[in-house]
Amino acid sequence: MQKENFIDKILNAGLKNTKYRLSIIELLSESKELLTAYNIREELLKKKIKINLSTVYRTVDKLVETKILNRINLENEKNAMYEYNREKHHHFLICENCNKIVPIYSCPIDKYELELEEKSGFQIKGHKIEFYGICEDCQKA
Ligand SMILES: [Zn+2]
Ligand SMILES: [Zn+2]
């Protein structure tokens with residue numbers, strides 16, 4: 001199942017499959033939002049997996065290096081956040097209150113990009129968009 005795909009992914013990246021690597025990938029692939037190293041540690045503790053913060057950093061570094069995870073550094077965020085790399089174009093919704101970051105996998109810009117290329121003569125290679133606002137949880141609180 002899913003689990004074996006992740007093991008293959010780890011092995012194909014030339015890494016050894018370790019409990020920490022596998023559980024971090026699983027955690028992030030199931031997470032609806034991006035997580036900081038600190039969040040990752042907390043979530044793993046909830047699953048009774050003890051890991052110290054420096055091991056989290058070391059593990060995510062390797063997984064980012066091998067493109068299994070993405071590291072996201074937003075301007076106004078001190079902490080890097082991590083997401084499972086689905087290898088799909090996406091954007092982010094960012095809550096200005098709790099700093100939650102939620103990836104969205106639909107893109108409204110593709111057509112505009114073509115139009116822009118025609119008008120400007122630019123060869124456009126990509127774009128980044130982040131939407132800022134208040135998440136549902138924070139609106140209820
Ligand atoms: Zn929020
Ligand atoms: Zn887009």
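**View 1. The contact between helices α3 and α4 in the predicted model.** In this predicted model, A37, Y38, I40 and R41 of α3 meet L53, V56, Y57 and V60 of α4, two residues being in contact if their C-beta atoms, placed from the backbone, lie within 7 Å. The axes of α3 (residues 37–46) and α4 (residues 53–65) come within 9 Å and cross at roughly 115 degrees, where axes are lines fitted to C-alpha atoms, for helices over the stretch in contact, and angles run from 0 to 180 degrees between N-to-C directions. The crossing in which α3 passes α4 is right-handed, that is, the near helix is turned clockwise from the far one by less than a right angle.

**View 2. Helix α2 against α4.** The axes of α2 and α4 lie 10 Å apart, and the two helices pack at an angle of about 75 degrees, which makes α2 roughly perpendicular to α4. On the α2 side the contact is made by Y20, R21, I24 and I25, and on the α4 side by T55, T59, V60 and L63.

**View 3. Helix α2 against α3.** Here the packing angle is about 100 degrees and the axes are 11 Å apart; α2 and α3 are therefore roughly perpendicular to each other. S23, I24 and L27 of α2 meet I40, E43 and L44 of α3.

**View 4. The two sides of helix α2.** The twelve residues of α2 (residues 19–30) should span 16 Å at 1.5 Å a residue, and the end C-alpha atoms are 16 Å apart, which agrees; the expected span is 1.5 Å times one less than the number of residues. R21, I24, I25 and L28 are buried in α2. These four cover an arc of only 100 degrees around the axis, which puts them on the same side of α2, the arc being that of the directions from the helix axis to the C-beta atoms. An α-helix has 3.6 residues a turn, so residues three or four places apart point the same way. On the other side of α2, K19 and E30 are exposed. A residue is buried if 20 or more other C-beta atoms lie within 10 Å of its own, exposed if 12 or fewer, and partly exposed in between, with C-beta atoms placed from the backbone.

**View 5. Two exposed residues, S106 and L11.** S106 sits in the loop between β5 (101–104) and α5 (110–120) and is exposed, with 7 other C-beta atoms within 10 Å. The C-alpha atoms of S106 and H89 are separated by 7.9 Å, although the two residues are 17 apart along the chain. L11, in helix α1 (residues 2–12), is likewise exposed, with 11 other C-beta atoms within 10 Å. Between the C-alpha atoms of L11 and F92, 81 residues apart along the chain, the separation is 29 Å.

**Notes to the views.** Helices (H or I, at least four residues) and strands (E, at least two) are DSSP runs, numbered from the N terminus. Residues are numbered from 1 along each chain as its sequence is written, while chains are lettered from A and ligands numbered from 1 in the order in which they are written. Local features need pLDDT of at least 70 and side-chain atom pairs count only at pLDDT 80 or more, whereas totals for chains, interfaces and linings use all residues.

Notes:
Parallel < 35°, antiparallel > 145°, perpendicular 65-115°, else oblique.
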